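Here is a protein chain to explore, one feature at a time. Keep the 3D view open and click along as you read.

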Amino acid sequence: MDKNSQNSGEDEGSIRYNAGQYQEAIAIWQSALNQTFDRKQKALLYTNVGTAYRQIGNLGEAIANWEEAAKIYQSSSDGESRRFLAQVLTEQAQAYNALGQFRQAMPILQSAIDIARKNQDKTTEIAAQGALGNTYSAAGELEKAIAAYQTSLNLANTLKNPQAIATNLNNLGSVFNRRYQQYLLQVNAAQREGDDREEARLTNLAQQDAVSARTTYERAIEASKPLGGIMHAKALLNLAQFLQQLPSSKTDAIENYSIQAISLLEKVPDSRQKAYALINAAEIVGNANRNNQQLKAQTLQKAIVITRNIGDKRAESFAVGALGKVYEQAQNWTVAMQLTQQAALAAQQANAADSLYRWQAQTGRIYKYQGQNEQAIASYKEAIVTLQSIRSDLAAASKDLQFDLRDSVEPVYRELIGLLLNESEKSAGEDAKAKIEDALQVVELLQLAELQNFFGDECTEVARDKSDPLAEIASTNTAVINSIILKDRTYSILRLPDGSVHRYEVALSRQEVENQIDRLRFTLEDISTDEYLVESQKVYNWLIAPMVADLETANPKTILFINDGVLRNVPMAALYDGKQYLIEKYAIATTLGLHLTANKKSNLVKSNALIFGLSAEIPPFAPLPNVPKETQGIQEIVGGVRFLDKDFTLANLEKQINKGNYPIVHLATHGKFGADPNSTFLQVFDQRVSLNEFEEVLRQSKHPIELLTLSACQTAAGNDRSTLGIAGVALRAGVKTTFASLWFVNDADTLPLIENFYKLLQQPGISKAEALRQAQIKLIRDPNGHPAIWSPFILVGNWQ
């Protein structure tokens, strides 16, 4: 705001703005815009209007007005105009951040930084670097975020700018906190995988970031004390919120910080920032002391009053909805429903879909608690429709924050799935089948949401509108098994080739399933014992045994598994009925969803292959001495070209895929599929290739890749998202089928299975799933045929 302006309209607008009367300020400034022909005055007014629109949550109008201001400043070359241009660009980029459009914000901010540096305008560069840190942080690029915040902080210290110092310390603390949370997830995965060394390393990194987060937040509190107001309150709330995550923290301290913040906020003018800070404070108070729900409710009431005073419908929806949840938890269903529906209306009026789905789901929960399941299902379906409309924004906003998806989005899908399956049990005939079909559609949408969250953007939907998967499974005599793991129970859904659908419920909670699957994976990998037989039969008994009669009657040739959660981490081929393995009865493949699978049959007879292999030792990976023999054998079987070791570079891989026509791409090298793209890579001779880089290479192919083989890779056993990397990178790049291993197997042991698989594919009429089945059965018949060797190889995607 330019308080020195002599323009009376602008002065009056500034008075209204500073009083929190943003709508009135906008009207005054817009009137002034129509009355002046001075270009610089117009630019200043456009800037002010944009700032006021941001305060009431109308980011689209804010961006539009800042764009008008930027056009005027860009047409002038004087220093003052360039300074204002950098400021406007920074504001504009921050609005894009708030909309989740981080990739649009980044170049705008870099331009603002360049302009500020040319003008030696350190004040504007501080703001732009801080905003760039926000952008990188939201996009999940935490190292870059830390660097940008540190640059901004250093400049702020040079200029002794207390506001900027406090802001950057708060932001740095939040990034350290984010990274701490990520390390904790990875620690949990390493722990479940039994990797003590990796667990210790990650625990040490997590502890370092926990210390960094706490000390940085404490510095932010000290730096913001002289400033008071919102800045000091936010610092107190950030520390309180962080302490809630530490098991050793005392609730008294957390509650005290929150109450101090609420007291500070009462003394500052109404604004959007104040409203959100109060909502945040209420949540922290309520979590710190379950007996202090009255203070939580009072704080939310204050936030509601503010949002209505400033006319911010989006903020109002969050405040009213949060108060509705307080009444929901108190089981006051009437008031809870009234408030939740008010929150939904406010979200609709603000066109705030990221708020709306929460209140639609909350409505569903309240109906469910009251036993009104049909109404609950309708509300949850509305929430799913809303989520589908913003799924790419959610994916970007929650990149690298898988717990965000699980906390706020995934439960919406799972609650609806549970309700539909529960209601199907009460129904009969076509009505029961319709509810099960509805549940399966929601399962597929959840799988897609998980995939998008894993990659942090909206992924390609293969074959969603190209062919009828139900006709395909019927014509190929394929049965489909969906596993669905809910919090308190587990379901299996069997779809037979004749179109009939069967539902089986098991009284196993999510935690019980995870424990059992972790144990099975551990024993399957241990080649020194046969303990796996007991564990494998346990899983067979609850997953497959209930449907054995239906399977035997239908006698399908292939079973296609669409697995949920940790069930993706173990090979279904190794399930054991006490006499034989499942793979001995049926060919087996997996996919993320029927509509996410390319269904057209592949013909790989006499197909050329692009073959790359890495036999050299690349620390920390041991050499793979049998890779030359493996790759030579495959070349002799299917033909094509072969590159080893120093010729296995990212540049050469890209070059060969770009120029050739290779239906088969075979990569014999170390790789790891972890909990997210950052912990997923392939090792080539000169570097590690990230998942995103690998995807870009695969996209270079001008012809469809029918089969991608990754023969020496492994997935993280302790994380139920790790196999999303295998499925997702192929799905997004248009690869029909991926043939990969769930865990690393000695390259000498894998050679017979891989060679037999390719030999069988050369026989006309044999499917990929059947080729794998016969190759695996040959090893099972071997006296040393432990499933550690043959079972980790899975087919993902097209099974034909």
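## A proline in a loop

Let's start in a loop: Pro-620 sits between strand E6 (609–613) and helix H26 (627–638). Keep in mind that you're looking at a predicted model. The peptide bond that runs from Pro-619 to Pro-620 is cis, and its omega is near 5 degrees.

## Two residues with positive phi

Next, hop over to Asn-351. You'll find Asn-351 in the loop that connects helix H16 (333–349) with helix H17 (353–369). Asn-351 isn't a glycine, yet its phi is positive, at about 55 degrees. Is Asn-351 buried or exposed? It's exposed, because its relative accessible area is 69% and the cut-off for exposed is over 50%.

Asp-645 is another non-glycine with a positive phi, this time about 50 degrees. Look for Asp-645 in the loop between strand E7 (640–644) and helix H27 (650–659).

## The nonpolar cores

Now for the inside. The largest nonpolar core has 116 residues, and the members that touch the most others are Trp-29, Tyr-73, Phe-242 and Leu-300. Which helix gives the most to this core? That's helix H9 (residues 162–193), which puts in 11 residues. There's also a second, separate core of 113 residues, with Tyr-581, Leu-592, Leu-604 and Leu-698 among them.

Zoom in on Tyr-73 for a moment. Leaving aside residues up to four places away in sequence, Tyr-73 has several contacts, including Lys-40, Ala-43, Leu-44, Thr-47 and Phe-84. Tyr-73 counts as buried because its relative accessible area is 3%, and buried means under 20%.

## Aromatic rings

How many aromatic pairs are there? The count comes to 16. One of them joins Tyr-73 and Phe-84, whose rings are tilted, with 5.5 Å from centre to centre and 35 degrees between the planes. Tyr-73 belongs to helix H4 (residues 59–74) and Phe-84 to helix H5 (residues 79–98), and the two are 11 residues apart.

Phe-612 and Phe-648 make another tilted pair, at 5.0 Å centre to centre and 40 degrees between the planes. Phe-612 is in strand E6 while Phe-648 is in the loop between E7 and H27, so this pair ties together parts that lie 36 residues apart in sequence. Both Phe-612 and Phe-648 are buried.

## Charges over rings

Phe-681 leads us to the last stop. The second largest pocket has a volume of about 1400 Å³. Its lining is made of 43 residues, and the ones nearest its centre are Glu-198, Arg-201, Lys-672, Ser-679 and Phe-681.

Where does the largest share of this pocket's lining come from? H9 supplies it, with eight residues.

Note on methods. Residues are numbered from 1 along each chain as its sequence is written. This is a predicted model: local features need pLDDT of at least 70, side-chain atom pairs count only at pLDDT 80 or more; totals for chains, interfaces and linings use all residues. Side-chain values use heavy atoms; hydrogens and water are left out. A nonpolar core is a set of buried Ala, Val, Leu, Ile, Met, Phe, Trp, Tyr and Cys residues joined through side-chain atoms within 4.5 Å. Buried means under 20% relative accessible area, exposed over 50%, partly exposed in between (1.4 Å probe, protein chains only). Helices (H or I, at least four residues) and strands (E, at least two) are DSSP runs, numbered from the N terminus. Contact means heavy atoms within 4.5 Å. Rings of Phe, Tyr and Trp (its six-membered ring) pair if their centres lie within 6.5 Å; planes under 30 degrees apart count as stacked, over 60 as edge-to-face and the rest as tilted. On a 1 Å grid over the protein atoms alone, a cavity is a set of points where a 1.4 Å probe fits but cannot get out, and a pocket is an open set with protein on both sides within 12 Å along at least five of seven lines; lining residues have an atom within 4 Å of a point. Grid points are joined across faces, edges and corners, and a volume is the space filled by probe spheres set on the points.
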